[in-house]
Amino acid sequence: MSTPVSTDLTQARLKRQPDIRLPEGKCHITDLAVVSPDLLLVSNNSKRCVQLLDCLKGEVVSVVQLQDYPHRICLTDRNTAAVQVGDRRIQMIKVKDNTLTKARELTVSKDVYGLTSSRNSLVVFFSSRPWLEVISMDGKVLHQLGKSGNSQQFMYPAFMCTTPGGSVFISDYGTDTITKVDAQLNLLQTFTSPLLQEPYGITAVTEDQILVCSWKNNSIVLLQPSTNTMSTLLGEDDGIKYPFTLTYCTDQKKVYVATYFTNTINVYQMP
């Protein structure tokens, strides 16, 4: 993984770059993940596949077809991605020499809502208790959150991301909140703001700079956990319309935003 660079988004004005458009046809981008400075993984729900996108050329260079609809996607190491496929499967995909290939598959016992990775493990959000589990790459449960009835309730969790330090942030579009847990799934903080209207995609730029898709009010919100503050980073004037998922490239200092039910990825460059 790349070493995070110093970036202060509170003082930055992002510059819009040319959009990247996937091949024409039915397209529903359900998640994005940066593989390298110029390569992006795209979870394409409509075509039941994961695509490897060359961002410089704007071309799909490799595709792996899946047995069911792909949803969330995350990198587990430099050359491996985990993809939520259907409700209860997690498909591992290898990335080598600009080519995608299937690896092993994990099956879980409940429907999956969200997926991320932390410290060489997977963090999985389920539709019922226990809400969250940290599982090893061979499927062993390491930590749980929400096994007892008196734990925090989530309504409609959507996306998760992991910070460089291992904290996990969860967006919930049912409660318009962002929840932070540590690597052992201890609850740390819950964040809310009028700026959060049906939060979906979420990504960490630094430990204290989290970007969130605020779907209903067409914006990208910057959350700063240390001060419990939120501000609008990008809005409709910047071309944001129904943002569903996003990711951040540390090396290029670029933000990629996927619009709901289109084949377009918006690109924004930091100073």
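Contact here means heavy atoms within 4.5 Å. With residues up to four places away in sequence not counted, Glu59 touches Leu52, Leu53 and Asp54. The model is predicted, so to speak of local features a pLDDT of at least 70 is needed and side-chain atom pairs count only at pLDDT 80 or more, while totals for chains, interfaces and linings use all residues. Residues are numbered from 1 along each chain as its sequence is written, and side-chain values use heavy atoms, with hydrogens and water left out.

Glu59 lies in strand 5 (residues 59-65); strands (E, at least two residues) are DSSP runs numbered from the N terminus, as are helices (H or I, at least four). Its relative accessibility of 43% makes Glu59 partly exposed, given that buried means under 20% relative accessible area, exposed over 50%, and partly exposed in between (1.4 Å probe, protein chains only). Arg21 is 38 residues from Glu59 in sequence, with 8.4 Å between their C-alpha atoms. Thr76, in strand 6 (residues 70-77), is buried at 11% relative accessible area. Beyond its neighbours within four places in sequence, Thr76 has contacts that include Ala81, Met92, Asn120 and Met137.

## Salt bridges

How many salt bridges are there? The count is six, where a salt bridge is a side-chain nitrogen of Lys or Arg within 4 Å of a carboxyl oxygen of Asp or Glu. One of them joins Asp238 and Arg13 at 3.2 Å, N to O. Asp238 sits in the loop between strand 21 and strand 22 (243-249) and Arg13 in the segment before strand 1 (15-21), so this pair ties together parts 225 residues apart in sequence. Asp238 is buried at 13% relative accessibility, whereas Arg13 is exposed at 60%.

Asp111 and Arg88 also meet in a salt bridge, at 2.9 Å from N to O. The two are 23 residues apart: Asp111 is in the loop between strand 9 (99-107) and strand 10, and Arg88 in the loop between strand 7 (80-85) and strand 8 (89-96). A further bridge, of 3.5 Å, pairs Glu105 with Arg89, linking strand 9 to strand 8 across 16 residues. Arg16, Asp19 and Arg21 are linked in a salt-bridge network.

## A pocket and a surface patch

The second largest pocket holds about 310 Å³ of space. Of its 15 lining residues, the closest to the centre are Arg72, Tyr113, Pro157, Ala158 and Tyr173. Strand 6, strand 10 (112-118) and strand 14 each give two or more residues to this lining. For the method, a pocket is an open set of points on a 1 Å grid over the protein atoms alone, where a 1.4 Å probe fits, with protein on both sides within 12 Å along at least five of seven lines; lining residues have an atom within 4 Å of a point. Grid points are joined across faces, edges and corners, and the volume is the space filled by probe spheres set on them.

Tyr156 lies in the loop between strand 13 (141-145) and strand 14 (157-162).
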